[in-house]
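Good morning, and thank you for coming. I would like to take a few minutes to walk through one structure with you. Please keep the display in view as I speak.

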Amino acid sequence: MSYPDPRAALAAILQNSNAGRNAMRAVGRNNGGGGNASGVVASHVGPRPVTQTRILEECGQTLIALWEQSRAHAVLLPSPATRGLVLPGGNPQTPKNEQGCWIFHNTVSDTFRVETWTGGSTRDSCTPTAPAPQANEVLVVDFHTHPNVGQEGYLDTPSPADIAAVGTAVTGLVRSHGGYHWFGKAMPA
Ligand SMILES: [Zn+2]
């Protein structure tokens with residue numbers, strides 16, 4: 001088996017090339033073998049697998065903040081106090097507002113970075129911003145909230161449009177009153 005040269009891979013990464021990133025990922029996967037033909041041992045052990053547990057533990061604070069911002073616990077149906085509120089959305093009479101973000105995994109530092117969507121939202125939709133991965137980052141999660149409940153005429157689970165949007169390219173994650181729902185590209189628990 002031939003191994004990519006880690007020094008060359010690192011140099012390429014510093015030049016921000018895709019070839020370098022791919023080579024470095026290959027080095028990370030092969031580190032279990034302990035070194036390579038040239039005797040060079042990579043100084044890091046390679047990224048750990050990205051799992052649902054890691055996402056919730058390492059990005060949970062942001063996901064909870066987005067859930068709070070979506071006003072999921074606002075009154076379910078228009079009340080005298082909220083009837084006057086006019087907001088965009090399928091049913092405008094609510095302060096509920098979906099929120100979403102991208103989660104990127106840095107395959108070299110093995111850390112996550114959250115990029116919150118700022119494209120505007122309504123009670124039942126939110127507009128993703130264009131994902132902007134930085135050097136060594138891979139998009140791993142497409143997250144958004146479902147602040148509405150069945151009494152308001154909404155599904156707890158990902159909608160057909162949600163499922164179609166992520167396809168199998170990325171892992172989808174919806175936070176609703178029923179908890180977290182994973183869909184799209186499979187991610188280990
Ligand atoms: Zn949705």
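This is a predicted model: local features need pLDDT of at least 70, side-chain atom pairs count only at pLDDT 80 or more; totals for chains, interfaces and linings use all residues.

Let me begin with a definition: two strands are said to pair if DSSP finds at least two bridges between them. By that criterion, strand 5 and strand 6 pair in the parallel sense, over six bridges.

The chain has four helices and seven strands. Along the sequence their order is α-α-α-β-β-β-β-β-α-β-β. Of the 189 residues in the chain, 26% are buried. As for contacts between residues at least 6 apart in sequence, 58% of them join residues at least 24 apart.

Let us return to strand 6 and look at its other partner. Strand 6, residues 171-176, runs antiparallel to strand 7, residues 179-184, and six bridges join the two. The pair forms a hairpin, with two residues between the strands. Within this pairing, V174 stands opposite H181 in strand 7, and G172 has F183 of strand 7 as its bridge partner.

How many of the six residues of strand 6 are buried? The count is six of the six, so strand 6 is largely enclosed by the rest of the structure. The burial covers both faces: T171, L173 and R175 lie on one side, while G172, V174 and S176 lie on the other.

I turn now to helix 3, which comprises residues 52-69. A straight helix of 18 residues would span 26 Å at 1.5 Å a residue, yet the end C-alpha atoms of helix 3 are only 22 Å apart. Where does helix 3 bend? The bend is at C59, and its angle is about 75°. Just after helix 3, R71 takes a positive phi of about 55°.

The buried residues of helix 3 are I55, L63 and L66. These buried residues pack against strand 1 (100-106), strand 2 (111-116), strand 5 (137-146) and strand 6.

Is P128 buried or partly exposed? A residue needs 20 or more other C-beta atoms within 10 Å to be buried; P128 has 16 C-beta neighbours inside 10 Å, and so counts as partly exposed. Leaving aside neighbours within four places in sequence, P128 is in contact with G100, W117 and G119. The C-alpha atoms of P128 and D142 are separated by 9.0 Å, with the two residues 14 apart along the chain.

That concludes my remarks, and I welcome your discussion.

Conventions: Residues are numbered from 1 along each chain as its sequence is written. The expected span of a helix is 1.5 Å times one less than its number of residues. The bend at a residue is the angle between axes fitted to the seven residues ending there and the seven starting there. A residue is buried if 20 or more other C-beta atoms lie within 10 Å of its own, exposed if 12 or fewer, and partly exposed in between; C-beta atoms are placed from the backbone. Two residues are in contact if their C-beta atoms, placed from the backbone, lie within 7 Å.
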